[in-house]
Amino acid sequence: MNLETRHRILKLVHENPSMTQRELSKHLGLSLGQVNYCMKAVVDKGWIKVRNFKNSQNKLAYTYLLTPSGIEEKIRITLEFYKRKKEEYEELKREVEEMGVDPEHEKVVKKTSAY
């Protein structure tokens, strides 16, 4: 499972512990089998704890709870994404400035020749 998928799973589970794997599948754009595989992996890593209960329709349902190590992993991944996006932003900002555009005001600040 890639880093982005792991981050999205931890984020979704943190926000909605009672979300089903089918709902996760729809939010993530992954097949139910892929979500099941990923959930098993994060449970095996100890990042998510699974609790089962009877729901109102007398069916067995699950809640997924982030463990303390799961919260740490979510924070670590979030900081990694933040750092990467900040670097991408700075690189794009430099590129736009080199083209003679003020990225803060989206205005051309100097004329450049096309050739």
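**The packing of H1 and H4**

Tutor: In this predicted model, helix H1 (residues 3–15) packs against helix H4 (residues 68–98) at an angle of about 125°, and their axes are 10 Å apart. The two helices are therefore oblique to each other, and their crossing is left-handed. On the H1 side, the contact involves Leu3, Glu4, Arg6, His7, Leu10, Lys11 and His14. These residues meet Gly70, Glu73, Lys74, Arg76, Ile77, Thr78, Glu80, Phe81 and Arg84 of H4. Sorted by class, the contact comprises eight charged, four polar and four nonpolar residues.

Side chains of opposite charge can pair when their charged atoms come close. Arg6 forms a salt bridge with Glu73, with 2.6 Å between the closest N and O atoms. Since Arg6 belongs to helix H1 and Glu73 to helix H4, this pair ties together parts that are 67 residues apart in sequence. Both Arg6 and Glu73 are buried.

Glu73 has a further partner: Arg76 forms a salt bridge with Glu73, the closest N and O atoms lying 2.9 Å apart. Arg76 and Glu73 are three residues apart in helix H4 and so are separated by about one helical turn. Arg76 is partly exposed, at a relative accessible area of 38%, whereas Glu73, at 8% relative accessibility, counts as buried. Through shared partners, salt bridges join Arg6, Glu73, Arg76, Glu80 and Arg84 into one network. In the whole structure, a search finds seven salt bridges.

Technical notes: Residues are numbered from 1 along each chain as its sequence is written. This is a predicted model: local features need pLDDT of at least 70, side-chain atom pairs count only at pLDDT 80 or more; totals for chains, interfaces and linings use all residues. Side-chain values use heavy atoms; hydrogens and water are left out. Axes are lines fitted to C-alpha atoms, for helices over the stretch in contact, and angles run from 0 to 180 degrees between N-to-C directions. Helices (H or I, at least four residues) and strands (E, at least two) are DSSP runs, numbered from the N terminus. Angles under 35 degrees count as roughly parallel, over 145 as roughly antiparallel, 65 to 115 as roughly perpendicular and the rest as oblique. A crossing is left-handed if the near helix is turned anticlockwise from the far one by less than a right angle, and right-handed if clockwise. Contact means heavy atoms within 4.5 Å. Ala, Val, Leu, Ile, Met, Phe, Trp, Tyr, Cys and Pro count as nonpolar, Asp, Glu, Lys and Arg as charged, and the others, Gly among them, as polar. A salt bridge is a side-chain nitrogen of Lys or Arg within 4 Å of a carboxyl oxygen of Asp or Glu. Buried means under 20% relative accessible area, exposed over 50%, partly exposed in between (1.4 Å probe, protein chains only).
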